[in-house]
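Colleague: I would like to learn how to read a structure feature by feature. Please show me.

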Amino acid sequence: PIALILMLFLEMHGSAPWFLHVAGVTLIVGRLLHAYGLMQSSALTPGRLAGTSLTWLLIVVLALDNLVHLV
């Protein structure tokens with residue numbers, strides 16, 4: 001939900017449509033990787049690690065971009 005809210009704010013600030021599309025695809029890929037990793041095992045798997053890392057990286061990038069748009 002945080003990534004979607006950050007994307008909403010970016011859209012309201014007039015961010016480039018291509019950036020929002022890339023962010024959306026990145027979020028979906030990260031969530032799918034995480035789900036695939038959970039299907040393998042409840043322990044830490046490469047899919048869970050990659051999916052979680054990709055999602056958190058996206059959240060950080062979106063938050064920083066929101067801060068830049070506020071200035």
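Colleague: Is Ile-5 buried, partly exposed or exposed?

Modeller: Buried means under 20% relative accessible area, exposed over 50%, and partly exposed in between (1.4 Å probe, protein chains only). Ile-5 has a relative accessible area of 44%, so Ile-5 is partly exposed. This is a predicted model, in which local features need pLDDT of at least 70 and side-chain atom pairs count only at pLDDT 80 or more, while totals for chains, interfaces and linings use all residues. Residues are numbered from 1 along each chain as its sequence is written, and side-chain values use heavy atoms, with hydrogens and water left out.

Colleague: Where is Ile-5 found?

Modeller: Helices (H or I, at least four residues) and strands (E, at least two) are DSSP runs, numbered from the N terminus. Ile-5 is in helix H1, residues 2-12. The protein chain has three helices and zero strands.

Colleague: Which residues make a nonpolar surface patch?

Modeller: A patch takes residues with over 30% relative accessible area and no salt bridge; like charges are joined within 9 Å, and nonpolar side chains (Val, Leu, Ile, Met, Phe, Trp, Tyr) within 5 Å. A salt bridge is a side-chain nitrogen of Lys or Arg within 4 Å of a carboxyl oxygen of Asp or Glu. Areas come from the Shrake-Rupley method with a 1.4 Å probe, and for residues only the protein chains shown count as cover. Here Ile-5, Leu-8, Phe-9 and Met-12 form a patch of about 400 Å².

Colleague: Which residues make up the largest nonpolar core?

Modeller: A nonpolar core is a set of buried Ala, Val, Leu, Ile, Met, Phe, Trp, Tyr and Cys residues joined through side-chain atoms within 4.5 Å. The largest has eleven residues: Ala-3, Leu-6, Met-7, Leu-10, Phe-19, Leu-20, Ala-23, Leu-27, Leu-58, Ile-59 and Leu-62. H1, H2 and helix H3 (46-70) each give two or more residues to this core.

Colleague: How many aromatic pairs are there?

Modeller: A pair of aromatic rings is described by the distance of the centres and the angle of the planes. Rings of Phe, Tyr and Trp (its six-membered ring) pair if their centres lie within 6.5 Å; planes under 30 degrees apart count as stacked, over 60 as edge-to-face and the rest as tilted. The count is one aromatic pair. The ring centres of Trp-18 and Phe-19 are 6.0 Å apart and their planes are at 85°, so the pair is edge-to-face. Trp-18 counts as exposed because its relative accessibility is 59%.
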